[in-house]
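Me: I would like to learn how to read the features of a model, one at a time. Can we go through them together?

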Amino acid sequence: MEGFNYSGVSEFVLLGLTDSPELQIFFFVVFSVFYLMTMLGNCLILLTVLSTSHLHSPMYFLLSNLSLIDMCLSSFATPKMIMDFFAQRKTISFEGCISHIFFLHLFTGTEIVLLISMSFDRYIAICKPLHYSTIMSRRVCIELALVSWTVGFLHTMSQLAFTLYLPFCGPNVVDSFFCDLPLVIQLACIDIYVLGIFMISTSGVIALISFLLLLASYIIVLITVRDCSSTGSAKALSTCTAHFIVVLMFFGPCIFIYVWPSTNFLIDKILSVFYTIFTPFLNPLIYTLRNQEVKTAMKKKMNTQYFSLGKTAP
């Protein structure tokens, strides 16, 4: 990475969320709990789907991939933010800052495509049920997952293609708890107005178009289920509602940050916390609390573990 850094800046200073000692202690406790619960909740979904045969279906395969991405998205910056609450000077190396940008856009780009894939899966299941098993085959599901990661990788590389060669010769203070593209490129020693607008708006436009496509697909699905039986309609509505809540929580902050860049860093910090910490935390709750199959499988799994422990106890 050093080969790309032609600037005199070797590290960046992160201002974090707050400089109040009392709030730092409060945030340390809150975000530590959120992070642990995020990892445990998403791990539980992964283990439940992998170990339960009747959950080996396209919808749950994509859901387990979402849990994996959420764990990654929650881990690229949150552990450092938690440790930095007790640091006198919050710094990150140039390489570490670039890695933040890389992983942020990798995981968000991957999640965007995966959410579109999940929407496509629900569309086929509800609108073309007779062809569902043929269209959503195991091979297609694996291909959708691979395409998600590939698109995420290509997206993040497109964002870094110019950033790596920007000269940083003086200012090195990032007013956030992690390095993000809009904040970092502002510190470059050259006029990056046109380049910055292009790079930032690209991410914003991708997020906005993807959100509109997802919104349109869910509207089509809901229109389709209007004439279904009350039971089928209620189940489809419940599933689509859960999916759309996830979509709204994920895309909302991304669109505001990248489509309408704000000069209010406090708003940007709140939105960044939302899609890097709160959304990965809420996803397992939304999918498990609104999905009877997952809840039942989890209860059986826990009961099995409980009885097996009881039998082995002396």
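Predicted model: local features only at pLDDT ≥ 70, side-chain atom pairs only at ≥ 80, totals over all residues.

Me: How many residues does helix α1 have, and what should they span?

Reply: Helices are DSSP runs of H or I with at least four residues, strands are runs of E with at least two, and both are numbered from the N terminus. The expected span of a helix is 1.5 Å times one less than its number of residues. Helix α1 covers residues 21-51, which is 31 residues, so it should span 45 Å. Its end C-alpha atoms are 45 Å apart, which agrees.

Me: Which residues of α1 are buried?

Reply: Buried means under 20% relative accessible area, exposed means over 50%, and partly exposed is in between (1.4 Å probe, protein chains only). The buried residues in α1 include Gln24, Phe27, Phe31, Ser32, Tyr35 and Thr38. Further along, Gly41, Asn42, Ile45, Leu46, Thr48 and Val49 are buried too.

Me: Where is Ser203, and is it buried or exposed?

Reply: Ser203 sits in helix α8 (residues 193-224). Its relative accessibility is 8%, so Ser203 counts as buried.

Me: How many salt bridges does the structure hold?

Reply: A salt bridge is a side-chain nitrogen of Lys or Arg within 4 Å of a carboxyl oxygen of Asp or Glu. The structure holds five. One of them joins Asp121 and Arg122, at 2.8 Å from N to O. Both of these residues are buried.

Me: Where do Arg139 and Glu143 lie?

Reply: Both are in helix α6 (residues 138-163), four residues apart, about one turn of the helix. Arg139 is exposed, at 63% relative accessible area. Glu143 is partly exposed, at 37%.

Me: Which distant parts of the chain does the pair of Lys269 and Asp175 link?

Reply: Lys269 forms a salt bridge with Asp175, and the closest N and O atoms are 2.8 Å apart. Lys269 is in helix α10 (residues 265-289), and Asp175 is in the loop between β3 (173-174) and α7 (181-184), 94 residues apart. Lys269 is buried, with a relative accessible area of 11%.

Me: Which residues make the nonpolar surface patch?

Reply: Patches are made of residues with over 30% relative accessible area and no salt bridge; like charges are joined within 9 Å, and nonpolar side chains (Val, Leu, Ile, Met, Phe, Trp, Tyr) within 5 Å. Accessible areas come from the Shrake-Rupley method with a 1.4 Å probe; for residues, only the protein chains shown count as cover. Here Ile25, Val29, Val33, Met37, Leu40 and Phe86 make a patch of about 600 Å². Val33 is found in helix α1 and is partly exposed, at 45%.

Me: What describes a pair of aromatic rings?

Reply: The distance of the centres and the angle of the planes. Rings of Phe, Tyr and Trp (its six-membered ring) pair if their centres lie within 6.5 Å; planes under 30 degrees apart count as stacked, over 60 as edge-to-face and the rest as tilted. By this rule there are 20 aromatic pairs. In one, the rings of Phe31 and Phe278 have centres 6.4 Å apart and planes at 40°, so the pair is tilted. Phe31 lies in helix α1 and Phe278 in helix α10, so the pair ties together parts 247 residues apart in sequence. Phe31 is buried at 4%, while Phe278 is partly exposed at 24%.

Me: Which residues do ring pairs link into a cluster?

Reply: The cluster holds Phe26, Phe27, Phe31, Phe34, Phe85, Phe274, Phe278 and Phe281.

Me: What is the strand order in the open sheet?

Reply: Two strands pair if DSSP finds at least two bridges between them. The open sheet has three strands in the order β2-β1-β3, with mixed pairing. The edge strands are β2 (91-93) and β3, and each pairs on one side only. Strand β1 (residues 11-14) runs antiparallel to β2, and three bridges join them. Glu11 has Ser93 in β2 as its bridge partner.

Key:
Residues numbered from 1 in each chain as written. Heavy atoms only, no water.
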